[in-house]
Amino acid sequence: MNMPGIRRVLEAAIRAPSGDNAQPWRFVVHEGPETILEIWLDPDADTSFYNRDNHAAYFALGACVENICTAASSEGIHTQVAVFPTAHEKMLVARVVCTTCPVSEHPRARAIVGRVTNRHPYEIDALPESVLTALTEAGRSDETQVHIMTKREDAKILGHIAATNEYVMLGDERLHRFFFEHINWTQEEDAKKQTGFFVASLALPPPALLGFKIARSWKRCSLLNTYLHFNKIVADQNAALYEQAAAFCCVTTSEESPRAAFAAGRAFEACWLEAQKQGLQVQPLMGTLFLRFASPAAGEEGLSPEAFERVKEGVSQLQSIFGYVGRKPYALFRVGKAKKEAVYTQRLSVDAVTTWK
């Protein structure tokens, strides 16, 4: 191997977040005078409603490339990224030319290992302006902006916008089935599959965990929705949890496109790593945003009209809360100091997702 550090860079790459821990990335490493790293989309990795037109997958691949670029200089590797480098190959999302350079650790490099979704309650104490500025600047680029909200009255609204996802998911058989198919109920199952969520990472209290196990059957869940409005109860409980944050952040772009989703993913991961570096935790609240790409038609291809209107209304509210105009929201997440530690999710190994040439 011409560049021994490439493997360590790829170990950083696979630590990126992805929807339902689907890990839609595949790598091809070409070794020669220059080492070229190709990042490919695996179209079979994420087939959920949340990934219509691969918006969620491109977003995840952006986060993956952000990790690559953040980790590379620590290995004495300089990276030059070309996004969607060939018009005829849509699955080739990025090509990274790697050359040697003096070793220089990126300020956020060490945060990659510690980055993890934390779904516990957060402290709501105000964050210093310097921290808010650092988060904003971390995700700013020619294509992306980061908007921050710290008002408590708006936190309640944002909690309910985020929890619209659970309301819709628990009320739609297809979304319900996909979600519960990606839950790993034991450590052994989690270690074997290396995709999806270990149930402990969801940080459910015992009563909620019991209800979760009962509701994993669509038939039971549907009955609970009919007679007890179960999906609304869960959504209201989650909204109350989500509002417990020191700040909410929203990443926006100027358009909705594969390239914009990729750029938003890079910005999102940079913000998350900056938060980790600052001693803060993050929970992505992305479901409602990505459901907006689903078709507003009942049936096999879309959400029910009622569900789609809820999603549409929630996305519309973000604009007035964060104050952006003419931009498209790709990420919503809460930030703060968590009261408990989180459980990490498994990842596929580097060799499982890499071809060496």
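**Cysteines and their setting**

A: C250 has 0% relative accessibility and therefore counts as buried, where buried means under 20% relative accessible area, exposed over 50% and partly exposed in between, with a 1.4 Å probe and protein chains only. This is a predicted model, in which local features need pLDDT of at least 70 and side-chain atom pairs count only at pLDDT 80 or more, while totals for chains, interfaces and linings use all residues. Residues are numbered from 1 along each chain as its sequence is written, and side-chain values use heavy atoms, with hydrogens and water left out.

The closest cysteine sulfur to that of C250 belongs to C249, 8.9 Å away, which is too far for a bond. A disulfide is taken as a pair of cysteine sulfur atoms within 2.5 Å. Searching the whole structure turns up zero disulfides. C64 is likewise in no disulfide, and its nearest cysteine sulfur, that of C69, is 9.7 Å away. C64 also counts as buried, because its relative accessibility is 0%.

As for the setting, buried residues make up 55% of the 357 residues in the chain. The chain has 13 helices and 11 strands, counted as DSSP runs (helices H or I, at least four residues; strands E, at least two) numbered from the N terminus. Its radius of gyration is 20 Å, close to the 21 Å from the globule rule for 357 residues, so the chain is as compact as a globular protein of that length. That radius is taken over C-alpha atoms, and the rule is 2.2 Å times the number of residues to the power 0.38.
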